[in-house]
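Dear colleague,

Please find below the sequence and structure that I am handing over to you.

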Amino acid sequence: MSLSVKHLLGIKDLTPGDIDLILRTADQFKDVLQRPIKKVPTLRDTTIVNLFYENSTRTRISFELAEKRLSADTINFAASGSSVSKGETLIDTVHNILSMKVDMVVMRHSASGAPHFLSRHINASIVNAGDGINEHPTQALLDAFSIRERLGGLEGKKVALLGDIMHSRVALSNIYLLTKMGAEVTVCGPPTLIPKHIEKLGVRVSYNVRETLAWCDVANVLRIQLERQNKPLFSTLREYSLYYGVNKALLDSLNKEIVIMHPGPINRGVELNSDVADSKQSIILDQVQNGVAVRMAVLYLLAGKKEEALS
Ligand code: CP
């Protein structure tokens, strides 16, 4: 059993079999993480560099923890404080790091396609930890793992992606994954934050949060990404919160229990109120916890692929 890919650049490249294999492998690593000794020797001869050109809390810590739990040697590289500020290119930076015998690269970059570009120039396996507004594959995998854990599966489940779909790499990776695995997906937000022709990806579009929440089993509420908006795409945050924010009063009025997710970081009081984010309907911290097992699975399976490719 192995993945069909050498790199994890995006969910777009994975088969349903790949996704199923990663989720089932993550089940096993989740069991490992419940033990008193949460470490396995699986990658003890592997060195991994975490190359973060963009800020991160959850993904960076989660990858580092996953690598340590697998006994890999890890190097953490942040663009700030490095020779990138002296003008060193991405390729030169990576070639220099790889010359020190590094086996795998985990990379976050603000430019969409940066890990794809790198994959054409180096031999080591690359894991995309989020590239611009393109994909965030391990986030979608941990989201799927968390839905499956709470609802027993993905097929036939109704999942709403709410908010800033236009600028969200989490949305795109979730759309690819959920539609490949037989879930129904509706994207919902202000018209200015929903890409034109997104229906071609097999999703429904709604501009009405109440109707969407009434329809779904799971609502994955996405962050308003003000840092990616060159010009204002809605009038004020207050108005956004009023028309598209999710709060307890709205959920209570629906008379049904919806699973609430958010990839983080949350703009509390904008897309999601604290009375929902911290409620028992919310699995936000389960998502974060599951991220470690899912990333262990990805690294483990890609390390196997690397050995295969080199043999
Ligand atoms: N969900 C997510 O990618 O969070 P970070 O930006 O903190 O890694």
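This is a predicted model: local features need pLDDT of at least 70, side-chain atom pairs count only at pLDDT 80 or more; totals for chains, interfaces and linings use all residues.

Residues are numbered from 1 along each chain as its sequence is written, and side-chain values use heavy atoms, with hydrogens and water left out.

Helices (H or I, at least four residues) and strands (E, at least two) are DSSP runs, numbered from the N terminus. Helix α6 covers residues 169-180 and spans 17 Å from its first C-alpha to its last, close to the expected 16 Å (1.5 Å times one less than its number of residues). Ten of its twelve residues are buried, so α6 is largely enclosed by the rest of the structure; buried means under 20% relative accessible area, with a 1.4 Å probe and protein chains only. Among the buried residues are Arg 169, Asn 174 and Tyr 176. After the helix comes Gly 182, with a positive phi near 85 degrees.

The largest pocket holds about 440 Å³ of space. A pocket is an open set of points on a 1 Å grid over the protein atoms alone, where a 1.4 Å probe fits, with protein on both sides within 12 Å along at least five of seven lines; lining residues have an atom within 4 Å of a point. Of its 28 lining residues, the closest to the centre are Arg 108, Arg 169, Arg 223, Gly 264 and Pro 265. α11 gives the most to this lining, with four residues. Domain 1 (11-135 + 288-310) and domain 2 (137-283) both contribute to the lining, so the largest pocket lies between them; the domain bounds come from an automatic or database assignment.

The second largest pocket holds about 150 Å³. Its lining includes Asn 50, Phe 52, Arg 60 and Phe 77. The strands β1 (47-52) and β2 (73-78) each give two or more residues to this lining, and β2 gives the most, with three.

Yours sincerely

Methods:
Buried means under 20% relative accessible area, exposed over 50%, partly exposed in between (1.4 Å probe, protein chains only). Grid points are joined across faces, edges and corners, and a volume is the space filled by probe spheres set on the points.
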